[in-house]
Every structure is written in C-alpha cells, then in structure tokens.
Amino acid sequence: EVYSMLMKKLLLPLLCLLQFSITAHTQAVSLVAQAVKAEEGIKQIMEEEKVAGISVAVVKNNKIIYTHSFGMQDIEKGIPLTDKSIFRIASISKSFTATSIMQLVEAKKLSLDDDFSDLVGFKVRNPKFPNTKITLRMILSHTSSVNDSEGYFSLDVINPAKNPNWEKCYDNYEPGKGYAYCNLNFNMTGAVIEKITGERFDQYVKHHILDPLGIEGGYCIDSLDKSKFATIYEYSKEASKFIPSPDAYAPRSEEIKNHVLGQTTPIFSPTGGMKISATGLAKYMIMHARNGAYDGGNIISKNSSIQMQTKLSNESNYGLALRITDKLITGETMCGHTGSAYGLYSAMFFNVEKKFGIVVITNGCAVTYDAGFNTVIKKTFNALHDVFIK
C-alpha cells in the first residue's frame with residue numbers, strides 16, 4: 001500500500017505533464033491546420049480582388065495567435081511583404097491621438113468639456129451658432145461641425161486671424177447636434193497635446209503609448225527604418241497595374257526642423273500619419289480590448305477606455321476616435337477604426353467581451369465596397385474570423 005501511494009505521487013506529475021504536452025501538441029496541430037485554411041482563403045481573395053500585398057493579425061483571448069503577410073512590400077524591387085513591414089495606417093492614427101488626450105484628462109491637465117478655443121489658442125466657433133461652445137469632446141467625436149473644405153494640413157485654415165475664408169470650415173448644424181467626419185479635428189487636437197505637454201506630438205505618442213507597449217512605429221518618418229516601409233499603391237484599371245504613391249511617406253524633414261509646438265503640428269499628421277506594422281497595431285488593439293490595460297499597467301484607465309468605445313449618437317456609431325459596427329462580420333458587434341489614404345486600406349476591430357480582434361492592412365488593391373467597408377478588408381476579416389474565432 002505504501003509502495004502504491006509512493007508510485008501515485010511519482011506518476012501523477014508525470015501524467016499531468018504528459019497530458020499537458022498532448023494538449024499543447026493538439027492545439028499546435030490545430031493552429032497549423034487553421035493557418036493553412038486561412039492562407040488558402042486569403043490568397044483566393046487576393047486573386048479575386050487584385051491585391052498588391054496584405055498583412056494580418058488575429059487576436060484570441062486577448063493574445064496574438066496568428067500573423068502573416070502576403071504579396072509584395074515593393075513590386076518594383078521584388079521585395080515580399082513580411083510581418084515586420086511598416087505601413088502608414090491612415091485614420092486609425094486618430095485613436096492614438098485620442099488615447100493621448102485621455103491620458104491628459106486623467107492627469108487633470110484638461111477636460112473633455114473644455115472650450116476648444118481655450119485649448120488650441122484661437123477662436124473655434126461656428127459663426128452660425130456663435131453662442132454654442134465647441135468642446136474637446138465634440139472635436140474627438142466629429143460632432144464639432146468643423147469640416148475639411150479649406151484643407152487640414154495647416155491650422156491657419158480655421159484661424160480667423162489667418163484665413164479670411166475661415167467661416168467655410170463650419171457646417172450648418174449646431175455643434176454637438178450632428179456628425180460629419182473631419183480630419184482637421186484631429187490635427188488641431190495634436191496641436192493641443194503639444195501646447196499642454198510642451199512635448200513634440202510624435203515624441204509624446206512614442207514615450208507614452210508605443211514605448212510602454214514595446215511597439216516599433218511612430219509619426220516621424222526620419223525616426224523609423226525606411227527599409228521596412230511597405231510601398232503604397234493605387235491600382236490603375238486603365239493600365240491594369242499598380243502605381244506607387246510618391247507622397248505616402250513624405251518625410252517633411254525640413255518642416256520638422258522648423259517646427260513650432262502647437263502651431264505646425266499637422267506636419268506629423270495626428271489625423272492619419274502613424275506608421276506601424278499589422279503585428280504592432282494588434283498589440284495596441286489588445287490594450288484597448290483590455291480596456292486600457294497591458295502587462296505593465298495601464299495606458300489609460302478603464303473609464304477612459306469605455307468613454308472612447310461608447311458611441312455619442314446613433315447617427316454616427318462613433319465614440320472618441322473609435323466606432324461601433326455590426327456591418328463587418330455578420331453576428332458580431334465590434335469596436336475599432338478604418339483607414340484609407342494613397343491606395344492603402346486598413347482596419348482594426350475588436351470585441352471586448354469576447355476578447356478577440358483582427359487587424360488587416362493592404363498596401364494596394366482594386367477598390368470595391370461592401371456595406372461601407374473596402375471589400376478586400378471585409379472579406380479578409382470574415383475569412384480570418386471563420387477560421388480562427390468562429
């Protein structure tokens with residue numbers, strides 16, 4: 001009997017270890033089979049939709065379980081796309097700007113209900129509604145009534161002291177009572193971050209978001225490894241070929257040398273200038289899916305995260321630089337953002353309750369749309385969800 005008990009004590013850990021090894025092996029085999037199926041599906045999508053290249057990342061239980069890249073980083077040079085390739089992700093960049101603002105709100109350096117005029121340093125008032133204060137919250141949710149009709153690469157367009165046509169920068173609805181997507185909102189917000197912190201916008205995001213998360217990326221091209229940049233292509237139907245964009249990674253080095261904090265901030269494009277890989281973006285997405293938390297602490301608080309993810313109106317389904325959609329994957333309500341510029345299309349969407357998310361970035365495709373989403377993005381999201389999540 002003593003011998004039997006001794007053997008049980010010795011064998012039980014071994015049996016547990018064996019069971020763990022078998023389970024881990026089974027899961028690994030299953031993941032390989034899923035990857036093969038997903039890759040077959042994505043290659044088919046690329047043939048159907050004419051895609052230059054595409055990078056993807058899948059998150060399950062708030063962990064990255066799959067990444068892969070297809071096609072070319074540079075068609076002319078014959079360089080294949082890899083998981084380390086960096087893209088200018090366009091409007092998903094807005095969420096980094098809003099995340100930075102939420103950090104400053106938590107530090108009590110500003111409030112979402114502050115008059116934006118006081119923050120940015122010149123009058124921001126819709127002349128049709130002069131008594132209605134335009135708040136930071138309105139700016140971050142595209143409910144400010146500000147528009148891009150005069151451009152958005154300079155703050156002078158909306159500054160009454162600099163542009164005689166500044167009134168054209170405002171729509172006809174009362175601030176806070178309508179919705180119109182506007183890039184100028186976020187380039188102005190970037191300027192506010194610089195005014196409040198005394199730190200260059202790109203450096204603030206690097207030091208307070210990217211570095212804590214261990215992510216390679218940023219808004220300043222000169223600070224990044226250019227050999228990793230995925231060339232951005234527009235597809236010419238007439239010529240039946242991809243044409244590289246000359247402007248996607250314009251460095252603006254001279255402008256940056258002469259940068260004035262809180263004034264020339266749009267040179268970094270807080271509204272669309274983040275450069276990052278699909279894998280890096282997935283790490284950032286996990287933080288939002290965890291309501292601001294990461295393994296080292298919190299980038300933002302749970303309360304700030306919930307505010308960003310809560311839509312301000314049914315008209316827009318938009319919160320603070322994040323929006324809610326049930327049109328991307330049938331039966332799933334997700335939160336995130338899309339981006340498009342120069343031929344690139346990107347999307348980052350997650351579900352907090354179900355702890356999954358997907359990132360898809362293409363550096364060029366023949367453009368069609370389905371329910372408001374680029375068809376390549378939507379098809380790839382569904383292919384990855386069906387294989388790895390569903």
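In this predicted model, strands β2 and β3 form a hairpin with 4 residues between them. Within that turn, G78 has a positive phi of about 70°. The pairing of β2 with strand β3 (residues 79–80) is antiparallel and extends over 2 bridges. Here M72 stands opposite P80 of β3.

Strand β2 (residues 63–74) also pairs with strand β1 (residues 53–60), again in the antiparallel sense, over 8 bridges. In this pairing V58 lies opposite Y66 of β2. β1 and β2 likewise form a hairpin, with 2 residues between them. The turn contains N61, whose phi is positive at about 55°.

Attention now passes to the helices. The axes of helix α2 (residues 93–106) and helix α6 (residues 201–213) come within 10 Å and cross at roughly 75°. Because an angle of 65 to 115 degrees counts as roughly perpendicular, α2 is described as roughly perpendicular to α6. On the α2 side, the contact involves F96, T97, T99, S100, Q103 and L104; these meet F201, Y204, V205, H208, I209 and L210 of α6. Classified by residue type, the contact of α2 with α6 has 7 nonpolar, 5 polar and no charged residues.

Finally, the cysteines may be considered. The structure holds 0 disulfides. C220 has a relative accessibility of 7% and therefore counts as buried, since the cut-off for buried is under 20% relative accessible area. C335 is also buried, with a relative accessible area of 5%.

Methods
Residues numbered from 1 in each chain as written. Predicted model: local features only at pLDDT ≥ 70, side-chain atom pairs only at ≥ 80, totals over all residues. Heavy atoms only, no water. Disulfide = S-S within 2.5 Å. Buried < 20%, exposed > 50% of the residue type's maximum accessible area, 1.4 Å probe, protein only. Pairing = 2+ DSSP bridges. Axes fitted to C-alpha atoms, helices over the stretch in contact; angles between N-to-C directions. Parallel < 35°, antiparallel > 145°, perpendicular 65-115°, else oblique. Contact = heavy atoms within 4.5 Å. Nonpolar A, V, L, I, M, F, W, Y, C, P; charged D, E, K, R; others polar.
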